[in-house]
Amino acid sequence: MYANEIEADLTEVLVTEAEIHAKLAELARRIEADYEGEDLLLVGVLKGAVMVMADLARELRPHINMDWMAVSSYGAGTQSSGVVRIVKDLDSDLTGRHVLIVEDIIDSGLTLSWLLGNLESRGAKSVEICALLRKPDAAKVEVDVKYLGFDIPNQFVVGYGLDFAENYRNLRDVAILAPHVYS
Ligand SMILES: O=P(O)(O)OC[C@H]1O[C@H](OP(=O)(O)OP(=O)(O)O)[C@H](O)[C@@H]1O
Ligand code: HPA
Ligand SMILES: [Mg+2]
C-alpha cells in the first residue's frame, strides 16, 4: 500500500488505520461521558500528536477547544535525551479549565511526566492524558494515562504522526521501523 521505498523501511504494520479509528471512537465515547456538561480543552503535543488530535477531535460530538504545544526531546535520534524543551507554548490560559493532553506515544514517559507537571502548575481544574500508544517495557517514569489506545512492544515505530528524523509521519498505520534505517 505504501510506495516501495517506504515498504522496504518497515518491518511490519503493528496497528492498522482501521484499528486506530475504532479505538479512537471508543475513547471518544468515554471522554464524552466523563466530561458531560463540562468545557474541555484538548492540548495536542506537536508534532507527533497531530493525527491523533485531528481524528479524536472529529470523533467528539460535543463542543471542545483545541490548543497546541510543541516540546521536543528526541532530536534526530531514537532515544529520548531526557531534556524536554518548550518549542511553542500554549495560547490559552488554563486557569479553572479541564485539560486533556493528547499524545501519540508514551515511550520513556519523560515527555508526558514533565508536561503533566508543567500544565498542572498553571491552575487547571483537571489535567488528564490521552495517548494512542504506550511502550510498557520502555518506561523510565510511570505516567498515569486515563485514555490509552494500545500497549506496544519496545521497538521504534513510525507512522500516524510518529517520525524518524521527520520522515514517515504521513503513514496511515503504525509500523515498526526496520533497524537498517537507523543503525
Ligand atoms: O515518552 P518519551 O520517551 O518522552 O517519548 C514520547 C515523545 O517523543 C515523541 O516526540 P518528539 O519529542 O520526538 O517530538 P515530535 O512529537 O515532534 O516527533 C513523541 O511524539 C512523544 O511526544
Ligand atoms: O517509537 C517511537 N517512534 C517515533 N517517535 C518516538 N518518540 C518516542 N518513541 C518513538
Ligand atoms: Mg511528540
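A residue counts as near a molecule if its C-beta atom, placed from the backbone, lies within 6 Å of it. Keep in mind that this is a predicted model.

With that cut-off, eight residues surround ligand 2. I105, D107, F156, V157 and L162 are the closest. What classes make up this shell? Six of its residues are nonpolar and two are charged, with no polar ones.

Next, the core. The largest nonpolar core contains 43 residues. V43, L100, I101, V102 and C130 have the most contacts inside it. Several elements give two or more residues to this core, among them α2, at 17-34, β2, at 40-46, and β5, at 98-106.

Take I101 as an example. Leaving out residues up to four places away in sequence, I101 touches V43, V45, L115, L119, V127, I129 and C130.

Two of those contacts, L115 and L119, bring us to helix α4, where T111, L112, L115 and L119 are buried. Why do these four sit on the same side of α4? They cover an arc of only 85° around the axis, so they share one side of the helix. The cover over the buried residues of α4 includes β2, β3, β5 and β6.

Last, the sheet. Three strands form an open sheet, ordered β1-β9-β8, with antiparallel pairing. β1 and β8 are at the edges with a single partner strand each, so each has one side without a neighbour in the sheet. Two bridges join β8 to β9, and V158 stands opposite A175 in β9.

Definitions and conventions: Residues numbered from 1 in each chain as written. Chains lettered and ligands numbered in written order. Predicted model: local features only at pLDDT ≥ 70, side-chain atom pairs only at ≥ 80, totals over all residues. Core = buried A, V, L, I, M, F, W, Y, C linked by C-beta atoms within 7 Å. Buried ≥ 20, exposed ≤ 12 C-beta atoms within 10 Å, placed from the backbone. Contact = placed C-beta atoms within 7 Å. Arc of directions from axis to C-beta. Nonpolar A, V, L, I, M, F, W, Y, C, P; charged D, E, K, R; others polar. Pairing = 2+ DSSP bridges.
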